[in-house]
Amino acid sequence: MQPPAPPATLRLLALAGSLLLAGCDKIPGLGPDPRIAQRDEEARAIGGACRHALRGLEDCFTLNPKAAKASVFVGWKDMDGYMRENKIEGTPSVLGKGQQPERSEQAPDIEPGPRDDSATGGKHS
């Protein structure tokens, strides 16, 4: 039979174990929720896109009410700094409120023209 460990040894082992676990970020359930991080990154991307499209912050907030305002602002500010450093001009949005995007030439609108009855001899079926 072993003699019982002194309380100082137990405390030292507990302290060493807790220090080892404190540096471990890969324990499931202890890290940040990935959905929150994804929403934050999407809000930053929205802010950056708004700045590049020459939209003001208030317009960006109005157009994206579900995005976190703080993250949208960070993205807008980061893009503003990047554009100023690299002397990039913004690209204004071509879509206004209520406008539909233009169709590409790959799928042109087909409008019925006047009927040509000469092929059927002028008779309708």
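Me: Why is Arg51 called buried?

Reply: Buried means under 20% relative accessible area, exposed over 50%, and partly exposed in between, with a 1.4 Å probe and protein chains only. Arg51 has 14% relative accessibility, so Arg51 counts as buried. This is a predicted model, in which local features need pLDDT of at least 70 and side-chain atom pairs count only at pLDDT 80 or more, while totals for chains, interfaces and linings use all residues. Residues are numbered from 1 along each chain as its sequence is written, and side-chain values use heavy atoms, with hydrogens and water left out.

Me: Where does Arg51 lie, and what is Arg51 in contact with?

Reply: Arg51 is part of helix α2, residues 34–52. Helices are DSSP runs of H or I with at least four residues, strands are runs of E with at least two, and both are numbered from the N terminus. Contact means heavy atoms within 4.5 Å. Leaving aside neighbours within four places in sequence, the contacts of Arg51 are Trp76, Met79, Asp80 and Met83.

Me: How do you know that the charged end of Arg51 sits over the ring of Trp76?

Reply: A charge sits over a ring if NZ of Lys or CZ of Arg is within 6 Å of the ring centre and within 35 degrees of the ring normal. The charged end of Arg51 is 5.6 Å from the centre of the Trp76 ring and is counted as sitting over that ring.

Me: What makes Cys50 and Cys60 a disulfide?

Reply: A disulfide is a pair of cysteine sulfur atoms within 2.5 Å. The sulfur atoms of Cys50 and Cys60 are 2.2 Å apart, and the two residues form a disulfide. The link is right-handed, with 80° about the S-S bond.

Me: Are Cys50 and Cys60 buried or exposed?

Reply: Cys50 has 4% relative accessibility and therefore counts as buried. Cys60, at 0%, counts as buried too. Not counting residues up to four places away in sequence, Cys50 touches Arg55, Cys60, Asn64 and Trp76.

Me: Which residues make up the largest nonpolar core?

Reply: A nonpolar core is a set of buried Ala, Val, Leu, Ile, Met, Phe, Trp, Tyr and Cys residues joined through side-chain atoms within 4.5 Å. The largest one has 7 residues in all: Ala43, Cys50, Cys60, Phe61, Ala67, Val72 and Trp76. Helices α2, α3 and α4 are the elements that give two or more residues to this core.

Me: Why is Ala67 called buried?

Reply: Its relative accessibility is 16%, so Ala67 counts as buried. Ala67 is found in the loop between α3 (57–63) and α4 (69–85). Apart from neighbours within four places in sequence, Ala67 is in contact with Ala43, Ile46 and Val72.

Me: Why is Leu54 called partly exposed?

Reply: The relative accessible area of Leu54 is 48%, so Leu54 falls in the partly exposed range. Leu54 is found in the loop between α2 and α3. Its phi is near 60°, a positive value in a residue other than glycine.

Me: What makes Lys87 exposed?

Reply: Lys87 has 75% relative accessibility and therefore counts as exposed. Lys87 lies in the segment after α4, and its phi is near 50°, a positive value in a residue other than glycine.

Me: How many helices and strands does the chain have?

Reply: The chain has 4 helices and 0 strands, in the pattern α-α-α-α along the sequence. Of its 125 residues, 12% are buried.
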